[in-house]
Every structure is written in C-alpha cells, then in structure tokens.
Amino acid sequence: MRTLPALLLSATLSLGSFSAGLAQNPPSSTTALTLDAKLKSDLVRLGGHMMIEGQAYEYDRHLADDIGPRLTGSANYVKAVAWAEGEFKRLGLANVHRESWEIPATWEPETLATARIIAPHEQRLHLESEGWSPSTPAGGVRGEVYYLDELSADAVKARADKIKDKIVLMDGPSVMAHIDEGFGKLFDALNLLAGDGAKALVLGFGTTNDAPNFIGYTNFTGSLANIPTGNLGQEDTLLLKRMLERGPVEIEFSFTNRIRRNVQVQNVIADVPGRESNGEYVIVAGHLDSWHPGTGAQDNGTGAATVLAVAQAVKASGLTPRRTMRFILFGGEEEGLLGSIHYAREHAADAAKCAGVFVTDSGGEPPKGWLVFGRKDEANALGVLKPYLEEVGAAGTSNDGEYTFSTDEAPFLVQGVPSFVLWTETEKYETLHHKPSDTFDKVNQRDLNLGAAVVGMTAFAFADAPESLKHLSTAELENQLKDIKALTQYKDMQDHKLF
Ligand SMILES: [Zn+2]
C-alpha cells in the first residue's frame, strides 16, 4: 500500500486500452448475491480451513526470512517469482505462468550512504539514497540547503533563483500543500527542480531518524529521478529546518546505487478453473515486490502470502467455484502499480468477464472488512456475507477514497470492474511499512489468518454466486470517484497518462 506522500514520489500508460472494459455488463448483473446451501457450507469449510490450517503465516515467513527484501527486478524478486510459480504448481493450480513487462530501471543500494552537515558545524546525518535515485557524482554532492515549503510548478518557478545550485529539502508539509491537485502535478513540479539548477533533493518523510519512509522517486514509471535524491531521518530534517531559520546550512552526502536499464519483470498468474466454461473469473491479488530496508513482511509479504494461502485452501478443501479464481502476484507496485497496470491493459478485452478483484495490501493486523470505494452495490452484496465475515470480525465496509490509487485494485477499478481492497487495522502498519522495521517478528499468525479467511470467503462467494455485480460506465465511474473525492486525482492521473 502506498500512502499519500508515498504516492507522490513514485508512471507511461495509455488511456485508450483502459476504457475497453467499461460498460459491458454481464447479463446477470445485480446488487446482491444468492448463497445456496452448498455455497454456504463451502464458505464455512473454506473459512474453517483458513483459520485452522491456513498457510499464510508460513508463506510470509518464507518470503520475508528466507528470500528477503524483494525490490522489483532484483535477484530476490526473481527468486520470489520462481518460488511462487513452483508453489502454485505444487498446489495443483492450472494455467500457472509468468507475464513479463519492462521496467525502465531496476534499483538497489550498492553502498551505505555517508552524509553530514558541514557548516555551521559538523554533524553526521541519517541519510540514505531514496529509491530510484541515481548515484551521487564521484566525491558526493555538497551544497547549501534550501527548504522548499510548498511543492507546485508555480512555487518551483517562482523560487528558481533560490533553488539554483542548492540542495533542496522537502518534507510532509511541503508535499501536502498541493496534494489535492494530484500526484502528476507534483511530479511535474519535482522534475522542474533539475532545470532550475538544483544539485540534489533531500526528502524527510520518515517518522524518526531510525525509521526512514522509503517511497521512491520513480514518476510512476519506474524511471530514475533526474537528480540525486536522499532520504533523510525526521529529527535531522527538523534540525535542518531550525538551523535554516538562523542562517545558511551546508551539507554533503554520497552514495552509490546498482542500476540496470530496461529490465524484464514478471507477474505470476495461476488459476483454479471454474466449473462453468463461460470465461468469467475473479482475481485474488497482491504485490510480491517490497522495499529493501526491512524484509517486506507486512508490505506486502502478508498480502502475497494471503493470495497463496487462499489458493492452497481452495485446493485443499476440494472446492470448485462456478467462475475461475485467478491468483496474481504483481511486481512493480511500489514504483507505481506497474505490474497491475500492465496486466489490466493486456487483458482489457477480458475485463467484462471479471466478476471482482480482491486485493490485499495493508498488512496483517485484524481485518475490519473491505474498502469498496463508494460502490453501494458492493457494500450491499457483502451484506449477504455478513454472518460469515462477522465471525472473523470483518463485516464492515469503508468508502474512504484516500487509498483509491494506492494499490493494485486501481487499474481494474478505473475499468469499471467491481474492485475491493481488504480493510484492516493499520495502526502498526503505518509505523512499519517501507521501513527497516517491516520484518516477520511483527506478524501475528491469528490476525493474518483472519484477514486471509476474509479474502478467501469473499472471493469464493463472488466466484460461486449465480449473479455478478455490474461494470460501471465511464459516467458512473466518474460519479463514484466524485462521491469519494478521488475524481481530481483520477483526472490528474489521466492527464499524465498514468492510466
Ligand atoms: Zn504494498
């Protein structure tokens, strides 16, 4: 899950293909699901299996501890792809395969960064390279700091003389000043800094000096930042801001990153075929990639593990749903939903047959229900599942639009496909994800099983019920996004060809 400042810094996609799925309603569209006696007993069986014999915890342990951090395209990511593909085959799923897409650059830190204040006094700084930053030039970057208090193209242009030859510092308030105008406009502003002659950029979005928040600066395309970009600890950021109130501050920093250009990255796909051969399917998905400072146990080891655990539970319970259940592990989520956007674009012609997309990406804390992004028919359909979801404490729905474009349901949602993101507690998640502390010791087996049971039971019900929800027309989609205050963001993303 990419939170707001996260989304800021992180896409060259064509809009045309995305509209292909819109307004092609399956004939049986409805706002409710019918659960017959067989489906009811299947849900109990599946939920029971997932609570008692569910494998999510062990899958997450393997991803986090045995494979480790999984930066998109890295050797560990490739290992995770091979393992997941092998596991889907071992479980006996059908149509197990990889689908490749190209990322403009892969990125991994090569050396530990060094950073210090030079003047007015000397002091070590807690700084690392931001994701998808180029290496600093030989000898590092050195210069006076300029705090940019608001990030917008106008603000950057108006301050061009102050930015020239400086190391530009920004933090949460800088970004939040114009967040409502859309992420694309923020990228435009960021990309202007180099033209104004900024030597480098330093971002202070962490919670402490020891907890940097890695967000990447990939323009939502997986391309590199156009100037060296550091990720600075929070106390250090606040210190620099206070020092700047008293006079000029000079800093230097240095790091080397391992960068490879134009790399093929793979999504992993596997099916439990449906018993009816009408081509309809549901998608259960999450991203396999992670940031590097921790091991991505929560973000998104828990989500990837949930996808595998639902597949395992459906097979082990001997269930065959009406529609195909398609399990997908995406890459490139952290760089701008790149894997899911690739999949949605490539399979746009089949989107009309997709009865629902169920994504997990907010960690393994107790589930509360589903994010339904303002779709009343989704909330209504989930109401039928209340007796089952209540048993695992997750019969709620949320229309919060803040996270609409934060994870891999978004490319499907904008095609009008019924899209759901698991809604969980996020108190711990917010302090862990994208940070060194995102490790397996924070994962609670029972809580993770509860979330996986919610995903399994819900996705199975939508795969098996005779009815399916409608697909939204363009006008209906825009009304939906307007209701949840996500339309400006969507329009901005369309303007920037992100969708
Ligand atoms: Zn995530």
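W132 and W291 are both buried, where buried means under 20% relative accessible area, exposed over 50% and partly exposed in between, with a 1.4 Å probe and protein chains only. W291 counts as buried because its relative accessibility is 3%.

This is a predicted model, in which local features need pLDDT of at least 70, side-chain atom pairs count only at pLDDT 80 or more, and totals for chains, interfaces and linings use all residues. Residues are numbered from 1 along each chain as its sequence is written, and side-chain values use heavy atoms, with hydrogens and water left out.

Now the rings. Rings of Phe, Tyr and Trp (its six-membered ring) pair if their centres lie within 6.5 Å; planes under 30 degrees apart count as stacked, over 60 as edge-to-face, the rest as tilted. That rule gives 18 aromatic pairs. In one of them, the ring centres of W132 and W291 are 5.9 Å apart and the planes stand at 85 degrees, so this pair is edge-to-face. W132 and W291 are 159 residues apart in the chain. F214 and W291 make a tilted pair, with 6.5 Å between centres and 35 degrees between planes. F214 has 0% relative accessibility and therefore counts as buried.

What do ring pairs link into a cluster? W107, W132, F214 and W291.

The bridge partner of W107 in strand 11 is I259. Strand 2 and strand 11 run antiparallel, joined by 13 bridges; two strands pair if DSSP finds at least two bridges between them.

How values were computed: Helices (H or I, at least four residues) and strands (E, at least two) are DSSP runs, numbered from the N terminus.
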